[in-house]
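I opened this notebook to record what I looked up in one protein chain. The entries follow the order in which I consulted the structure.

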Amino acid sequence: MPSLGSWFRGSSAAASSKASSKHPSPIPSPAGSSVALNGQPKSPTLSPAQQEAADMESAMAAVGLIMNDDIQGAETLLKQREDAFHQLGLGVATFMKSILGFEKDIMAEAASRLAESETRSWNSMKKVQKEAEKTPNPAENGTWISSKIYPPGSEYALVYSEAQLMSAVVGVMHESLTEAIKGFYKLRKAYITLEGITTSERQYLDSLKSGLAASAPVPIAVPAKPRMSDDIMPGSFDPTEFEDLEDIPEPDEKSSDDGVFVHVSTNASGAQTPHGVPLTQSNATKNNASQPPISMTDTRILSEKLGVLSVTPAQVSEAPAPERRTLSNIDHLNKFGADRSHFTSPVDIFVHSGASMCFGFLLLLLSMVPPAFSKLLYVIGFKGDRERGVRMLWQSTKYANLNGAMAGLVLLKYYNAFFGFADIMPGEKDVQEFSKPKSENHGEFDIIGFPKEECFALLAEMRERYPDSRLWKMEEASMLANSKKLHESIELLKSNDDSKMRQIQALNNFELSMNALYVMDWSVMAEHFLRCVELNNWSHALYYYNVASAELERYRDVLHKAAALGSDHAQEKSVLETEAKKLKASAEGYFRKVPTVAGKKRFMARQLPFEVFVCRKVQKWEDRAKSLGLDLADAIGVSPAMEMIYLWNGVKRMSDPLLEKAVSHLSWDRCTAPTEKVKKFSEEEKDETTIRSLIESALLRQLGKISEARALVEPILVMDKNIFKGPTRDDYCQAAAHYEMAALAWAEASDPNAWPSSTSPSSRPPSAPTSSDANGAAKAASVRSKTDTVDAFRRRKTDETQLHLDKVAKWEAFVLDARFGMRVQAGVDTVNWLKEKKGWP
């Protein structure tokens, strides 16, 4: 049987024995010893294959504690054994802490553990392959676990690719550009491995559909060039390994609609594969269960329905086999991928759910790379596939193990964060027409929209499975915020601040701080951004800037309140003026603290974009204060808090009363400098007035005032670009203006109320013919004419949206280009989706 090693190293795989002879592994094989690595004797009744299965289930049960906020308990159990599965579990535990907290020392620990996991899983995989070559029939001696779906050693190949994937993410988050590039290169290797695993799976499922006997699973081809020298262990890099990257050609912008250069080939089904790796079209068996879905319309149902289940280390220490679940609400709704009945053995469930989770995450991650980072895709050589990635993640959520939980977390984060951040998304009418299944027996929904019912069901499932976890409550709070229920979201987050994991506390507190910003509760905002400084060291400059912004708004409120009091309220006025002085000093102190703590955190050897942005703003105000003879707080024009709401797209979460209140906060009358000096900098500094127009335009767009919003943005498009260039100028303004024009055009294209008639003619059935056939035909023709008029209008607005998105995607570099780039990419995907559904070129 061909070796699975060819998935990783091609022709060099055969030479691995040479490397092993030079550098023998100090780790004894669990399958070849009667003593476990922790010094405890193994059970004499377990064969090596049975021991492997027990290790796998024990590790999965222990790692499940991580998703219940008990990383400490998980690590205690995982350290009891030293097989590849438990080593991966330790890597997962540290990885979760690193991505939740972005702390440098924890990221270094995660990198070390994951490198060890790569090494151990590689050794275990090679051992199983050798045993399989010697003994093709595992029943003869029970030395390895067989699968009718996957090649021998696939469980370790999955562990290897999972470790590489997590190591890649840690590398990309690293401050070193070299480590980041290596991280992206590891994504490339993980991609190839996971594509190989999923191809074996598709071949098996295709055989079931065709009715032919399934042949033995065989590895597939790999890219021609091996990427590892014979003497280099997995997880390390030979100095010559990146030489081929120097020969990668520059992108041909004409070769891609979105300007992203990729090395991909696309088969008829649209799935993208690396060159040299054939891909069979997936014909996964569909689940034909026709149970009616249970409607869940309010997140309050979650808290009322969930029980008081708990998971403790004692319950999983014996690593019992997981019980088969009864159908839950999510089972009725989730019809993605193959039926669970095809995957019954522990190894098949582990590999299938894990490969679906990892590959789905990787495809989704790559699909969201903004245009500004497109060159990084040269290193990987692949392009993401959002639709395929999301479908694979939903498939993984069918399984009650860590893989399913991680897939669920990724999906909820994707829908809550990414969809909450993007403006150009499918309209409700289009979602109803194109995205829902035709029948209950074919329940796959189109992934471009937001599947509200399915997400509520998934969240309820995870809350039941992990009742002590605060992660899932955070996702519930995000759903509330995206439903414009910000005050309810804040209350839920306040009650969710008792996680055993400091990293989750920090995330929960940051979410609470941002929601307080959106509701303009300045005291709560300042309090919780200060707590961010205590809990997390990701960007203290941004935290202090937001604290200062909140204090500035409090200063303005109190000062204007004092100014409005007459002489008959002298005592109250004096108290307010004293308070205003304290708030002013506080705001100035925190603003001046920003540059002193900036630059300590870097991303791929570059200063964090938002830290560059906030330092520029403070320097701009300092220069203005010196020029006009003002105090720092009085030299500030447009509200920095309102600008922060705009840049984080908080306007999408705000209710109409909050939007109206935010508009009032943009008035020049709120400035605290003398009127003549406010007039001077508001007229002379065009980028200052441009920022105000952009923010107001976004607020008006959310209020449905499209014409007023467009009138504010159109003048920005014809301004001289040099106005926005300079060390303290806001260079994002014109690119943002084009994005706003795209969002405004899309608002008209997707909202039936903006179409030529008050309701879409295409949504109304043709009028019934009268007694005269001629009159009936005339009325039907009239309806068709109106429909054509609506489609022509929508197509024109969609093309306008695409035009402005393309301009932003190709804009010259600016500080916040990645932030706008993600919104642009979401918009491009949405426009392409509608054009495909409508048949528009």
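**Entry 1: helix α25.** I began with helix α25, residues 640-647, and found it mostly covered, with eight of its eight residues buried. Buried means under 20% relative accessible area, exposed means over 50%, and partly exposed lies in between (1.4 Å probe, protein chains only). I noted the buried residues of α25 as Pro640, Ala641, Met642, Glu643, Met644, Ile645, Tyr646 and Leu647. After α25 comes Asn649, and I recorded its positive phi, near 55°. Helices (H or I, at least four residues) and strands (E, at least two) are DSSP runs, numbered from the N terminus.

**Entry 2: the model and the chain.** I must state that this is a predicted model, in which local features need pLDDT of at least 70 and side-chain atom pairs count only at pLDDT 80 or more, while totals for chains, interfaces and linings use all residues. Residues are numbered from 1 along each chain as its sequence is written, and side-chain values use heavy atoms, with hydrogens and water left out. Of its 841 residues, 56% are buried. I then looked up contacts (heavy atoms within 4.5 Å). Among those in the chain with a separation of 6 or more, 77% join residues 24 or more positions apart.

**Entry 3: helix α18.** Does the length of α18 agree or disagree with its number of residues? The 12 residues of α18 (471-482) should span 16 Å at 1.5 Å a residue, and the end C-alpha atoms are 17 Å apart, which agrees. The expected span is 1.5 Å times one less than the number of residues. I found 10 of the 12 residues of α18 buried, including Trp472, Glu475, Ser478 and Met479. Just after α18, Lys484 has a positive phi of about 65°.

**Entry 4: α18 against α19.** The axes of α18 and α19 (residues 486-494) come within 7 Å and cross at roughly 165°. Therefore α18 is roughly antiparallel to α19. Axes are lines fitted to C-alpha atoms, for helices over the stretch in contact, and angles run from 0 to 180 degrees between N-to-C directions. Angles under 35 degrees count as roughly parallel, over 145 as roughly antiparallel, 65 to 115 as roughly perpendicular and the rest as oblique. In the contact I listed Lys473, Met474, Glu476, Ala477, Leu480 and Ala481 of α18 with Leu486, Glu488, Ser489, Leu492 and Leu493 of α19.

**Entry 5: Asn416 and helix α15.** Asn416 lies in helix α15, residues 402-421. Leaving aside neighbours within four places in sequence, Asn416 is in contact with Glu475, Ser478, Met479, Asn482 and Arg653. Asn416 and Glu475 are 59 residues apart in sequence, yet 7.3 Å apart in space, C-alpha to C-alpha.

**Entry 6: α12 against α15.** I found helix α12 (residues 346-367) packed with α15 at an angle of about 25°, the axes being 9 Å apart. That makes α12 roughly parallel to α15. Phe350, Ser353, Gly354, Met357, Phe361 and Leu364 of α12 meet Asn403, Met406, Ala407, Val410 and Tyr414 of α15.

**Entry 7: His738.** Lastly I looked up His738, in helix α30 (residues 733-750). His738 is buried, with a relative accessible area of 8%. Apart from neighbours within four places in sequence, His738 is in contact with Leu717, His804, Lys807, Val808 and Trp811.
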